[in-house]
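Please read it alongside the sequence and the 3D structure shown here.

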Amino acid sequence: MANAQLDIKFTTNRLGNQNLVHNNYKFQIKSRRGDRCYWKCSTRNCPATVNTHNNIPTKVDANHNHPSDRMQLRVDDVLQRMKSRCKDELTAIPTIYEEELVKLRDREWNDDTHQLVEHIPTFYSCKDQLYNERHKLIPALPTTVEDITVDGEWAQTTTGQPFLLADDNTNGRMLVFSTQENLYHLAAADTIYCDGTFYVCPTLFYQLYTFHAKVDGTMFPLVYCFLPGKDQQMVPSENFKVSDVKQCVDMYSIPLFLHEKNNDDFFCLCKFLKVL
């Protein structure tokens with residue numbers, strides 16, 4: 001009984017259902033009664049069974065009528081690692097797939113490893129499984145700007161700092177992202193660089209407008225603005241005053257010397273932060 005318990009592990013199949021693995025044989029649930037599960041070999045017409053209570057084996061009948069598929073179990077392990085990474089991190093899914101294959105190729109290359117790599121399904125064969133795992137972590141993409149909801153962890157950095165500075169729909173949906181630290185770097189910069197781009201902008205917005213400055217000699221993007229257009233309402237007006245900048249400075253606790261910068265792009269940034 002003790003040996004049976006040590007040999008058992010649980011995996012998840014492509015449909016999200018649980019499988020039990022014992023001595024290189026895979027079992028699927030036949031029936032369940034409370035905390036007790038009754039498993040049958042996943043190979044059709046095989047009489048082997050396993051009973052568990054709270055995932056602890058209570059009875060093992062390993063009377064298989066076929067050899068174990070050890071190679072398929074190894075393939076399943078590789079796919080499970082890919083799925084786990086898809087849920088736990090935001091690395092591009094094709095990259096995860098390639099990195100896991102590279103790990104296999106970086107091992108000592110022998111016939112066993114070569115056979116394993118040959119049995120790994122192609123990316124296009126398993127991409128639906130991987131993307132389904134990613135969708136458990138990330139909400140579905142919105143189809144309209146009204147569907148966009150930025151709150152909770154999505155309004156913070158990975159370290160838990162506030163990241164969403166503004167979310168306004170006065171002249172069309174606008175989103176502005178930055179951190180307090182980024183604003184301080186912007187305050188300390190001698191020159192502020194800004195530009196709008198359309199190629200990498202999400203399709204629900206017209207342009208991504210970014211503000212950059214050098215930090216320790218290296219250029220960094222510090223503020224990101226998703227805008228619905230590029231008309232006059234999106235840029236500073238001629239009567240934009242230093243007092244408006246000071247109000248923005250007070251609102252976001254930026255050092256007061258910021259308002260002394262004579263830079264139209266900085267005024268544009270401050271208007272974003274103030275008006276939005």
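In this predicted model, helix H2 passes helix H4 in a right-handed crossing. The points below set out that helix contact and then turn to the aromatic rings.

**Packing of H2 and H4**

- Helix H2, which covers residues 70-88, packs with helix H4, residues 111-119, at an angle of about 65°, and the two axes lie 10 Å apart.
- Because angles of 65 to 115 degrees count as roughly perpendicular, H2 is described as roughly perpendicular to H4.
- On the H2 side the contact is made by Arg70, Met71, Arg74 and Val75, while H4 contributes Asp112, Gln115, Leu116 and His119.

**Aromatic pairs**

- The count of aromatic pairs in the model comes to 9, where rings pair if their centres lie within 6.5 Å.
- One of these joins phenylalanine 177 and phenylalanine 226, whose ring centres are 6.0 Å apart and whose planes stand at 80°, so the pair is edge-to-face.
- Phenylalanine 177 belongs to strand E8 (residues 174-177) and phenylalanine 226 to strand E11 (residues 218-227), and the pair therefore ties together parts that are 49 residues apart in sequence.
- Both phenylalanine 177 and phenylalanine 226 are buried.
- Ring pairs also link Phe163, Phe177, Phe205, Tyr224 and Phe226 into a cluster.

Note on methods
Residues numbered from 1 in each chain as written. Predicted model: local features only at pLDDT ≥ 70, side-chain atom pairs only at ≥ 80, totals over all residues. Heavy atoms only, no water. Axes fitted to C-alpha atoms, helices over the stretch in contact; angles between N-to-C directions. Helix = DSSP H or I, 4+ residues; strand = E, 2+ residues; numbered from the N terminus. Parallel < 35°, antiparallel > 145°, perpendicular 65-115°, else oblique. Left-handed = near helix turned anticlockwise from the far one by under 90°. Contact = heavy atoms within 4.5 Å. Phe/Tyr/Trp six-rings, centres within 6.5 Å; stacked < 30°, edge-to-face > 60°. Buried < 20%, exposed > 50% of the residue type's maximum accessible area, 1.4 Å probe, protein only.
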